[in-house]
Amino acid sequence: MESSPIPITEGRKGLLDRALSIFTQVKAGEGLTVVLLALNVFVVLASYYILKPVRDALILTEGGAEVKAYLYAGTAVILLVLVPAYGGFAARVNRIRLITWVTLFFISHLGIFYFLGLAGVQVGAAFFIWVSIFSLLVMAQIWAFANDLFTEEQGKRLFPIVGVGAALGAWLGAKMASWLFGQFDPATAPYSLMLVAAAGIGTSIVISQAIHRRERERATPEKAATAEKPLGKEGGFKLVFSERYLLLIAISVLLLNVVNTTGGFILDKVVLASVGQQTADIAEQQVIIGQFFGDFYGWVNLLGFLFQLFLVSRIFKYIGVRGALFILPCLALGSYGLMIATPILGVIRMVKMLENSTDYSINNTARHALFLLTSREAKYKAKAAIDTFFWRVGDMLQAGVVFVGVQLAFGIQSYAIANVLFTLLWLAIVVAIVREHRRLSAEASLQKAA
């Protein structure tokens, strides 16, 4: 496997390069590009976290926690069609047209949901599936773009700054969602927030265009020409199943999401029971749930932002990407052990905040950095397959866990025990990924020396 980064022009550091060097090593000319990438993920994550409480409020009041879990299975089935279609489109256009048209495709749907919701149509299930696909595919594109721009050495240094944009956007988006829910009429609040998010998502297209133009102008003619070419014809699924390294990443993502989504289901059940005791009015329940999750995601993303700002670059420096992969599964083991011992809302909320904030910062940055060693096709197509289909297959397996749990009348502690078992398997896969990453990194170093 090979990468085709656009080289950064060497020279004297500017003010922005020097300012960013406080957090990590930034070389001359890298500062503006990495800030633009951070701004890009900022606006997309802020928009997503405005939509996420809307999604939860609609689906929990229209269907309940069990329906929410089962809908992940439907999302995975849709992705079986969508991922090959995405790969086919990527083989016909260059990277900036791919990013632009796919993003516009998703923006157009928000207007449709807005008008359907105002007309009284129950859109909870369809909107849940839409958000589940949008959040993964658009973010996979942005990180694929970043992987395409940087070498492995640059990515290890600069990805923590890009991740700061993601963490800050997620935090502010969640806080804004919690506030906005209280500003609109309760009957229309979920649908009004859709239009707010659409504006933010549209901004990301402008930023991506600016990054593309900047890097095209600074690149060598050969690299600039490569950036303008469509990707190869290999499909994302074929790439994943033909390369052990990619397949192991896919399995780890699947297991991570089984654990995380099962934990989310536990939280949903406890929250829904608590809200049901407060009021029987559906509109009031939607507002309470929306505000709870807006506040919850706000704290999750504040912690994620602080972890990203102060910990990630140092973790990468001292234990590397490979070492960083072990942090979240080890934390999950302790978290669900505590949940088994003390299955109450306050503890579950605290545990999930810590787990999710670590996932969104340390683990996410390390996972995206794994693709620095892969080909351009793998960066866009295999990454899209892994970050969407395999992610949602994890959700589908979690739906199976919920189904079995419902039949066997599982309580909170039983679901937590199941998560401990899945986490142990996840740790074993991480060990295998580390071995493959070490091998590929050594091969890349030999190729560079040659």
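A salt bridge here is a side-chain nitrogen of Lys or Arg within 4 Å of a carboxyl oxygen of Asp or Glu. By this rule the structure has 13 salt bridges. The model is predicted, so local features need pLDDT of at least 70 and side-chain atom pairs count only at pLDDT 80 or more, while totals for chains, interfaces and linings use all residues. Residues are numbered from 1 along each chain as its sequence is written, and side-chain values use heavy atoms, with hydrogens and water left out.

**Salt bridges**

- Arg-157 pairs with Glu-30, with 2.8 Å between the closest N and O atoms.
- This pair links distant parts of the chain, 127 residues apart: Arg-157 is in helix H6 (residues 152-181), and Glu-30 is in the loop between helix H1 (15-20) and helix H2 (31-62). Helices are DSSP runs (H or I, at least four residues), numbered from the N terminus.
- Arg-157 is buried at 7% relative accessible area, and Glu-30 is buried at 1%. Buried means under 20% relative accessible area, exposed over 50%, and partly exposed in between (1.4 Å probe, protein chains only).
- A network of salt bridges links Lys-27, Glu-30, Glu-153 and Arg-157.
- Glu-436 and Arg-439 form a salt bridge at 2.7 Å, N to O. Glu-436 is buried at 11%, whereas Arg-439 is partly exposed at 38%.

**Lys-383**

- Lys-383 forms a salt bridge with Asp-387, the closest N and O atoms being 2.5 Å apart.
- Both residues lie in helix H15 (residues 376-407), four residues apart, about one turn of the helix.
- Lys-383 is buried at 0% relative accessibility, and Asp-387 is buried at 4%.
- The charged end of Lys-383 also sits over the ring of Phe-371, 5.2 Å from its centre. The rule requires NZ of Lys or CZ of Arg within 6 Å of the ring centre and within 35 degrees of the ring normal.

**Aromatic pairs**

- The whole structure contains 19 aromatic pairs. Rings of Phe, Tyr and Trp (its six-membered ring) pair if their centres lie within 6.5 Å; planes under 30 degrees apart are stacked, over 60 edge-to-face, and the rest tilted.
- Phe-127 and Trp-130 are stacked, because their ring centres are 5.8 Å apart and their planes are at 15 degrees.
- Ring pairs join Phe-105, Phe-106, Phe-113, Phe-127, Trp-130 and Phe-134 into a cluster.

**Nonpolar core**

- Leu-51, Phe-127, Trp-130 and Met-194 touch the most other members of the largest nonpolar core, which has 142 residues. Such a core is a set of buried Ala, Val, Leu, Ile, Met, Phe, Trp, Tyr and Cys residues joined through side-chain atoms within 4.5 Å.

Terms used. Helices (H or I, at least four residues) and strands (E, at least two) are DSSP runs, numbered from the N terminus.
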